[in-house]
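Please read it alongside the sequence and the structure.

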Amino acid sequence: MSSAGTRVAQPAEPAELATAESVQAQPAPGPAPTGAETSGPSGTQPGPGYPGPTSPGTPNPEHRGPATDYSGYPLVASKHPWRWVGTAAVALGVAAVAWSLATNPRWEWGVVAQWFTAQSVVNGLLETLKLTAISGILGFVLGFILALMRLSASPLLVSVSWTFSWIFRSTPLLVQMLLWYNLGYLYEKISLGIPFTDVRFFEVQTTTLISQFAAAVLGLTLNQAAYSAEIIRGGILSVDQGQLEAAAALGIPAWRRSTRIVLPQAMRAILPTAFNEIIGLVKGTSIVYVLAYSELFYTVQVIYNRTQQVLPLLLVATLWYVVITSVLSVFQYYIERHYSKGAVRTLPLTPLQKARKFFATHAVAPSRARSPR
C-alpha cells in the first residue's frame, strides 16, 4: 500500500480507450488517500467513472431511494375550449332544424304517419327492393366478367369490354330505360338459333318478352355493369403485382392466387365505391316511374295525384329511402371492417364497443379524481 506523500501508480490503459477525462484527471492536493480509500473492488485504484462511495456527485444504484407512487395523484382532463364552442354551435343549429320540423304544421306529420305503412306504399317499397337486389347482383356479376375481359391479353375481349363501358356510361339511364322499353319497335321478334341460317330454337314477340319489369331490370343491370366493371378493375390493379409473382414462384395455382390473394386485398378498394353504387342504385330505381312500373316513387306519385297531399307523400318516400340507405351503410361498415384484417393490426371498434369504452372511461375517471392525494 502507499504511504503519505507517495503517489500511487495508475493502471495502464489502452491508448484507443483513453478519454479526455482520464487524461486530464489529476490527484487532488493534500495528503494522499489511504489504501482503503484508493483501492477498488480488487485492491487497485478505481478507473475513471467508477461509481465508488467517494466519487462526489455520482449516483449509486445500490443506494437509490424508493420509487415515487403516483397512484394518489388526481387525473385532470385536458381542456379543449374551441371544441366545446364548435359543439355548442352545431347543437344550436340541429336544435333549430328539429324545432322547425316539429312546429311547422305544413309538414303534416299526421298524413306522413298515415301513409308511411300503408299497404300500397309497402308494396311499392318491396318492388324497389326487388329491382335493387336483382339489378345489383346481375350488374356486379356482369361487371366482374367485363373487368376480367378488360385485364385479359386478348385484344378482342379488351375492345368489347371497353366499348360496353364506353356506351353505357355515356348515355343517361333514363334514355336507356325508354330504349329497352321500346325495343319492340326495332325488333318485332326475338329468336334464338344458329346465326346466318333459318334454324330457330326459340322465338317470341318482343313486346311480350320486354315488359315494364324486364325493361327496368335491363336498363338498371347494364348501366350498373358498366360502372361495376371499372370499380372491380381498379380494385384488382391496386394489389401489388409482386405478391402475384411471389405466389406464382411458390407454385400456387392461378385460381387460388386470384381468389385467396388478389380478391381479398382488392375488396378493400372495391367495397367503398361498390356500396356507393348500390346506394345510388336504390335511388336510381325511382327513374323507373317513366315506365309506369309500381315501385315506391311511382306509387307515391299516384297517391298524391289523387289526394293532392304532395309534400307529405314525398316525405314518405324520402324517409323510406333514408331507411334503406342507412341499413346498407351499416352493412358496408361491418363488411369493410371484416376485410380490413390484413391492413391493420387491430380492428377498429364498432359503435357499440366505442360506446362501452366511453362510458367505462368516464365512469372510472371521476372516482379517481375524488381519491385523496
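Is Gln 308 buried or exposed? Gln 308 is exposed, because its relative accessible area is 59% and the cut-off for exposed is over 50%. The model is predicted.

**Positive phi in two loops**

Gln 308 sits in the loop between α13 (296-307) and α14 (310-339). Its phi is near 65 degrees, a positive value in a residue other than glycine. Glu 108 is not a glycine either, yet has a positive phi of about 50 degrees. Its place is the loop between α3 (81-103) and α4 (109-116).

| Residue | Phi | Relative accessible area |
|---|---|---|
| Gln 308 | near 65 degrees | 59% |

**Packing of α5 with α12**

Two packed helices are described by the angle between their axes and the distance between the axes. For helix α5 (residues 119-151) and helix α12 (residues 254-284), the angle is about 145 degrees and the axes are 11 Å apart. The crossing of α5 past α12 is right-handed. On the α5 side, the contact is made by Thr 128, Thr 132, Ser 135, Gly 136, Phe 140 and Phe 144. On the α12 side, Leu 263, Ala 274, Glu 277, Ile 278, Leu 281 and Val 282 take part. By class, the contact has seven nonpolar, four polar and one charged residues.

Thr 132 belongs to helix α5. Thr 132 is buried, because its relative accessible area is 11% and the cut-off is under 20%. Neighbours within four places in sequence aside, Thr 132 touches Leu 281, Val 282 and Thr 285.

**Nonpolar cores**

In soluble globular proteins, nonpolar side chains tend to be buried together. Here the largest nonpolar core has 22 residues. Leu 131, Phe 164, Leu 220 and Val 288 have the most contacts inside it. Elements giving two or more residues to this core are α5, α6 (155-170), α7 (173-181) and α10 (212-237). The largest share, eight residues, comes from α10.

Which residues does Phe 164 contact, leaving aside its neighbours within four places in sequence? They are Leu 142, Leu 146, Leu 222, Ala 225 and Ala 226.

How values were computed: Residues are numbered from 1 along each chain as its sequence is written. This is a predicted model: local features need pLDDT of at least 70, side-chain atom pairs count only at pLDDT 80 or more; totals for chains, interfaces and linings use all residues. Side-chain values use heavy atoms; hydrogens and water are left out. Axes are lines fitted to C-alpha atoms, for helices over the stretch in contact, and angles run from 0 to 180 degrees between N-to-C directions. Helices (H or I, at least four residues) and strands (E, at least two) are DSSP runs, numbered from the N terminus. A crossing is left-handed if the near helix is turned anticlockwise from the far one by less than a right angle, and right-handed if clockwise. Contact means heavy atoms within 4.5 Å. Ala, Val, Leu, Ile, Met, Phe, Trp, Tyr, Cys and Pro count as nonpolar, Asp, Glu, Lys and Arg as charged, and the others, Gly among them, as polar. Buried means under 20% relative accessible area, exposed over 50%, partly exposed in between (1.4 Å probe, protein chains only). A nonpolar core is a set of buried Ala, Val, Leu, Ile, Met, Phe, Trp, Tyr and Cys residues joined through side-chain atoms within 4.5 Å.
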